[in-house]
Amino acid sequence: MTESFVDLMRVALGVQTELPTSLSQEEWWGLFKLAQRQSVVGLLFTGIERLPKEQRPGVEVIMDWSAVADYIEKDNVRLNTVAVKVCEIFCMEGVNMCVMKGQGLAALYDTPLRRTGGDIDVWMDGGEAAVTEYMKKNFKSVECGYYHVSTVLKGNIDLEVHFLPINLFEPKSSEILCGWIEKEKPLQWSNKRQLAGDAGTINVPTKKFDLVYVLVHLFHHFLIEGCGMKQVLDYYYLLLSIDDEEEMEEVKSLFKEIGLWDFVGALMYIMQILGLPKEKMLCEPCKSLGVKMMDEIINTGTVSGIEIKEKRKGVRGLAMTVSARASRLTRLYPFAPQQAKWVMIENVKNGVKNLAPKF
């Protein structure tokens, strides 16, 4: 099933034109369920459309798959409109901000409206006090988190306004990362990107900044909560769009300095499988870790996969939950030893409630 899933992704990405073998209807239903868990239904429907007619699934599968893909497209039109409006409101008030992930990254896709959407994440300048004051002043109901203040917009769209875009767990590497972010910050407020469907433009981070931010965000989810192929494909399209070798070298040096180089190598193995050109790679792929990363992603799915898995296993009580998390961290230790070690220590000290901040 995993091989067929990857093959269909490669077709959707334009890397290959057909599947090695035709699939049964039962196998197609299995792929549909896997695509849902990985939040890539829309993208893979593009793959189905590109297949030779004789390799496409039956009518029932296509109808269900098409219905979900259609919903994703309509939802993205709505999210694009809201993202543009949010930018306009913030900027009219003289606020330095940019929209992270989400709709900005979707614009890099071949089929932008088929990327599964989510909430709208904004990075706002000024620090925690300024962001909190602004949100409480302008929105009726807000909730304060570790690094963001959130509210729910009309249409049940979550808006998270961050005063710190990302961080790491181990203090020294976190300090280095935050120093780099502070240096790059002034460039993030005026970088524009056109959204699909003539929705307008939004402020987005520079591609160099996203090379760091998106990967660290992916790493955070991978280590703590589990991540899906949606996050991997975001990085695939981001890497595909990069053409500045000097910026690439700077990002590589930073990843080495903050101890994520092994994780990068594993991720590049998945990029290789997906067909990313060699010249777009950050480093040589690491097959041994890459195979383990792929298994982890397929088995956990979306970022909520770990919690669901624990509930199904009947994990109850703080001690058992901490133990389950410790087991996961031990398994993932080789990807970033210093980060995993630090989270293990915090896990024991604070318990599962303060296991890790949500970005």
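Predicted model: local features only at pLDDT ≥ 70, side-chain atom pairs only at ≥ 80, totals over all residues.
Residues are numbered from 1 along each chain as its sequence is written, local features need pLDDT of at least 70, and side-chain atom pairs count only at pLDDT 80 or more, while totals for chains, interfaces and linings use all residues. Side-chain values use heavy atoms, with hydrogens and water left out.

Two packed helices are described by the angle between their axes and the distance between the axes. Helices here are DSSP runs (H or I, at least four residues), numbered from the N terminus. Axes are lines fitted to C-alpha atoms over the stretch in contact, and angles run from 0 to 180 degrees between N-to-C directions.

Helix α2 (residues 25–37) and helix α4 (residues 59–92) have axes that come within 10 Å and cross at roughly 15°. That makes α2 roughly parallel to α4 (angles under 35 degrees). Their crossing is left-handed, meaning that the near helix is turned anticlockwise from the far one by less than a right angle. In α2, Gln25, Trp28, Trp29, Leu31, Phe32 and Ala35 meet Glu60, Val61, Asp64, Trp65 and Val68 in α4. The residues of this contact divide into eight nonpolar, one polar and two charged. Ala, Val, Leu, Ile, Met, Phe, Trp, Tyr, Cys and Pro count as nonpolar, Asp, Glu, Lys and Arg as charged, and the others, Gly among them, as polar.

Val6, Met9 and Arg10 of α1 make the contact with Gln272, Ile273 and Leu274 of α11.

Helix α8 (residues 207–224) has 18 residues and reaches 25 Å from its first C-alpha to its last, close to the 26 Å expected, which is 1.5 Å times one less than its number of residues. Of these 18 residues, 17 are buried (under 20% relative accessible area, 1.4 Å probe, protein chains only). Gly226, with a positive phi near 95°, follows α8.

Ile297 lies in helix α12 (residues 287–300) and counts as buried at 1% relative accessibility. Leaving aside neighbours within four places in sequence, Ile297 is in contact (heavy atoms within 4.5 Å) with Gln38, Phe222, Cys227, Gly228, Met229, Val232 and Ile270. Val232 is 65 residues from Ile297 along the chain, and their C-alpha atoms are separated by 9.3 Å.

How values were computed: Helix = DSSP H or I, 4+ residues; strand = E, 2+ residues; numbered from the N terminus. Buried < 20%, exposed > 50% of the residue type's maximum accessible area, 1.4 Å probe, protein only. Parallel < 35°, antiparallel > 145°, perpendicular 65-115°, else oblique.
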